[in-house]
Amino acid sequence: MNAKAGPLPLPEIDVEEFRKVVRSRRSVRRFKDEPIPDAVLEDCLELATLAPNSSNLQPWEFFVVRTPELKEKLAEACLGQNAARTAPVLIAIVARPDTWRKHARLALEDWPKEEKLPSIVEKYYKKIAPIHYNQGPLGLMGAAKKTAGLIAGLKRPVPRGPYSINEMKVWATKSTALAAENLMLALRAHGYDSCPMEGFDEYRVRKLLKLHRKGLVTMVLAAGRRAENGVYNRQYRFDQKTLIHYL
C-alpha cells in the first residue's frame, strides 16, 4: 500500500483459470528432455517467495540444480527415482530456522523507501521478535518462555511457542512448505510440472549441495515438462466429509 496514493486496486481474477492450475497439477514421475527457460524458472521462484510466511522472516532457501554432473549425483541421492532422473531441473527447498535474527534486520532495512516505517513494525522486529524466536543457549530461554506462557495462559490467550529448537524447525518448515506449494503452482501455470520428493538421503543431499548445518531439506522438487507417461494413475481424494468439519 502506498501511503499517499492509498491501496492499489486488486486485479481481476478468473477462478476457473486458477481451478485449471490446481486441478491439472500432478506429481509427475517422468519428464521430457526439454529445459525450462531461464525467464520461466526465475518467475516461478519469485512467485514462490511471495508465499505467506511467519512474520515475513522468509526462513527458506532454494538450491536450483541444472548442471548435468551435479544433477545426476543429486538424483542418485534421491534414491534414483524416475522423477529425479528425468527432470531437467532439481530444486532443493531448504528451511532455515536459524536466519530469523538476520532476516528481522532485513525486514527493517528493506522496508519500501516510499513508505514511512510504522513504529509498531519497528518495535516488533527490534524488540518482540528477538524475544519470541530466541531460544537461548541449550534452549534454556525457550523453556523459560514456555513456563511463563503456561502461567499467563491461565488468564488469557497467549502465543504458544515456538518454545524450543525443535519447535523452531517446525516453524521454519511450515513457511517453507507454503513457498514450495507456490512454486509448484507457478510451474503448472507456465505449462510445466513438478514432483515434490521426500524420498532422499538427506546426508548425501546436504553434502552435495554444501548446505548450512542448520538447514533442513524440506523436499527436493523435480521440475520440467511432463512426459506422456509422466502421470502414473488417476487422481483421487478421500471423502471430504471425513476431512472437512464445519462448526
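Tutor: The model is predicted: local features need pLDDT of at least 70 and side-chain atom pairs pLDDT 80 or more, while totals for chains, interfaces and linings use all residues. Residues are numbered from 1 along each chain as its sequence is written, and side-chain values use heavy atoms, without hydrogens or water. Helices (H or I, at least four residues) and strands (E, at least two) are DSSP runs numbered from the N terminus.

In α5 (residues 100-109), the buried residues are W100, H103, A104, A107 and L108. Viewed down the axis of α5, they fall within an arc of 145 degrees and so line one face of the helix; the arc is that of the directions from the helix axis to the C-beta atoms. An α-helix has 3.6 residues a turn, so residues three or four places apart point the same way. Buried denotes under 20% relative accessible area, exposed over 50%, and partly exposed in between (1.4 Å probe, protein chains only).

Turning to the strands, β4 (216-224) is mostly covered, with 9 of its 9 residues buried. Strand β2 (residues 89-95) pairs with β4 in the antiparallel sense over 7 bridges, pairing requiring at least two DSSP bridges; V94 stands opposite V217 in β4. Strand β3 (residues 193-197) also runs antiparallel to β4, joined by 5 bridges, and P196 stands opposite L221. In the segment after β4 lies Y236, which counts as exposed at 60% relative accessibility.
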